Amino acid sequence: MAIKDKLSGNEAIAVAMRQIDPDVVAAFPITPSTEVPQYFSQFVANGQVHTEFVAVESEHSAMSACIGAEAAGARTMTATSSQGLALMWEMLYIAASLRLPIVMSVINRALSGPINIHNDHSDSMGARDSGWIQLYCENNQEAYDNLIQAIRIAEHKDVQLPVMVCYDGFITSHAVENIELIEDEKVKAFIGEYRPQHYLLDRDNPISMGPLDMPAYYFEHKRAQAEAMKNAKRVILEVAQEFEKLTGRKYGYFEEYKMEDAEVGIVIMNSTAGTAKFVVNELRKQGIKAGLIKLRVFRPFPFEELGKALSHLKAVAIMDKADSFSGAGGPLFTEVRSAMFDYAKDTKAVSYIYGLGGRDVRPDEIMSVYQDLLEIARTGQVKSTFNYLGVRE
Amino acid sequence: MTKERKMNIREDMSWREMPQGGHIIDAGNAEDFKTGDWRSMRPVWLPDKCKQCLLCWPVCPDMAIPVENGKRKDFDFDHCKGCGICVEVCPFKAIDFVEEGK
């Protein structure tokens with residue numbers, strides 16, 4: 001029987017970490033992720049986990065310590081936000097290229113400057129090419145579920161890549177919601193024991209990690225890393241199927257909400273999907289065929305699946321809670337539209353950048369996006385491809 | 001000649017064959033990689049002045065001074081990077097240090 005509880009996103013993540021009981025957690029506090037290591041360190045102090053908790057002096061050190069621990073053969077986790085993730089930057093790439101399955105919660109917060117502590121996706125979106133798998137979560141339940149699945153995905157022998165589990169700062173991290181937890185022993189059985197193939201503390205099989213890689217070899221190692229990310233696509237679905245058997249909760253690359261007969265739709269990530277579903281329901285009451293896709297897996301990018309899922313729409317808005325300052329839409333827009341070029345050529349696509357720095361996104365604003373889409377669907381004309389939603393013009 | 005190891009990494013291997021992450025899964029394979037061509041300065045062993053004290057041997061960072069039966073031989077130039085530490089420690093000025101290519 002599942003355990004019913006009421007937890008904030010950060011509490012849920014800390015509980016999942018207690019159940020996972022990693023060998024090492026190295027973390028540095030930063031709003032709004034601070035509570036994760038804070039709650040978790042209480043579990044350490046209470047002796048509820050066997051984890052070695054390393055209180056480091058910066059996020060660069062946090063990720064470096066995680067890399068060292070994971071390379072040594074320890075199951076390792078951490079959490080961060082915004083500038084903390086930015087300070088980890090060079091080490092993120094090293095974790096991925098050394099093929100170390102570290103699992104990290106990224107509690108999404110705007111990047112400075114100007115300095116701001118509230119939610120958008122500029123931190124994790126900036127790390128999208130670091131070689132980490134990225135899972136995005138609408139609410140605390142998904143954050144909890146994704147973190148547990150992340151261990152299995154990361155450590156799979158065909159993957160061996162680090163995973164970021166991203167959820168919205170304050171909105172998800174600090175809001176208390178109902179949640180269904182899995183029993184401790186079932187989580188333990190689901191994730192299993194960590195048995196790395198190669199690790200530094202294996203004294204019978206000494207190895208070296210991180211040697212200089214010259215032009216004759218570097219490219220091959222990057223190619224293998226790219227293949228691991230492709231393999232992750234298969235593994236993510238396999239783990240999701242097993243997780244569904246355990247919990248009844250279904251996960252894929254993305255959630256399709258009332259998409260079957262939809263004519264207009266939006267693609268969105270994380271907590272705003274909840275607001276947008278409310279808007280879809282309102283539109284459906286008026287007989288308007290609206291739908292939405294909430295992307296869960298951004299890395300690896302479900303190119304073909306997402307492209308095909310949009311092919312029957314007349315118009316789609318791709319909504320980014322981060323600007324890439326390309327002058328041509330946000331990062332999600334660029335990639336989704338690229339997929340549509342092969343699989344949804346007849347669907348008109350427009351970009352909306354919204355909610356930067358924690359700007360509230362109201363249902364009437366999402367409604368205005370659908371109204372724009374209905375206008376595009378009716379006329380076949382796109383007046384404005386690149387748009388900002390909720391900014392004072 | 002390359003020694004037989006758990007895995008000999010070669011330049012004709014595909015990415016599918018190599019250990020992931022660039023890990024070196026067994027010890028001592030630095031020998032397989034000829035890194036001596038980075039050298040800009042070249043140590044020259046002068047056997048006439050050499051007293052075989054072997055003070056040069058332990059300081060070489062690249063194990064490029066082969067020793068057999070308690071006596072050093074000429075440098076292993078496949079691996080010597082020309083750092084000149086051996087030149088500095090030699091009490092008998094038995095190692096010359098010249099620009100490579102001269």
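Modeller: Note that this is a predicted model. In a regular strand the side chains alternate between the two faces of the sheet. Here A:Ala315, A:Ala317 and A:Met319 point one way from E13(A), while A:Val316, A:Ile318 and A:Asp320 point the other way.

Biologist: Are those residues of E13(A) buried or exposed?

Modeller: On both sides of E13(A), all are buried. Strand E13 (residues 315–320) of chain A is largely enclosed by the rest of the structure, because 6 of its 6 residues are buried. Buried here means that 20 or more other C-beta atoms lie within 10 Å of the residue's own.

Biologist: Which strands does E13(A) join through bridges?

Modeller: One is strand E10 (residues 264–268) of chain A, which runs parallel to E13(A) and is joined to it by 4 bridges. In this pairing A:Val264 stands opposite A:Ala315. Another is strand E14 (residues 348–354) of chain A, also parallel, with 6 bridges to E13(A). There A:Met319 faces A:Tyr352 of E14(A) as its opposite residue.

Biologist: Through which helix does the chain cross from E13(A) to E14(A)?

Modeller: The path goes through helix H12 (residues 331–343) of chain A, and this β-α-β crossover is right-handed.

Biologist: And how is the contact between the chains described?

Modeller: The size of an interface is often given as the accessible area lost when the parts come together. Here we have residue counts: 17 residues from chain A and 10 residues from chain B. On the side of chain A that touches chain B, helix H9 (residues 218–247) of chain A gives the most, with 4 residues. That side of chain A divides into 8 nonpolar, 5 polar and 4 charged residues.

Conventions. Residues numbered from 1 in each chain as written. Chains lettered and ligands numbered in written order. Predicted model: local features only at pLDDT ≥ 70, side-chain atom pairs only at ≥ 80, totals over all residues. Contact = placed C-beta atoms within 7 Å. Helix = DSSP H or I, 4+ residues; strand = E, 2+ residues; numbered from the N terminus. Nonpolar A, V, L, I, M, F, W, Y, C, P; charged D, E, K, R; others polar. Buried ≥ 20, exposed ≤ 12 C-beta atoms within 10 Å, placed from the backbone. Pairing = 2+ DSSP bridges. Right-handed = clockwise from strand over helix to strand, strands pointing away.
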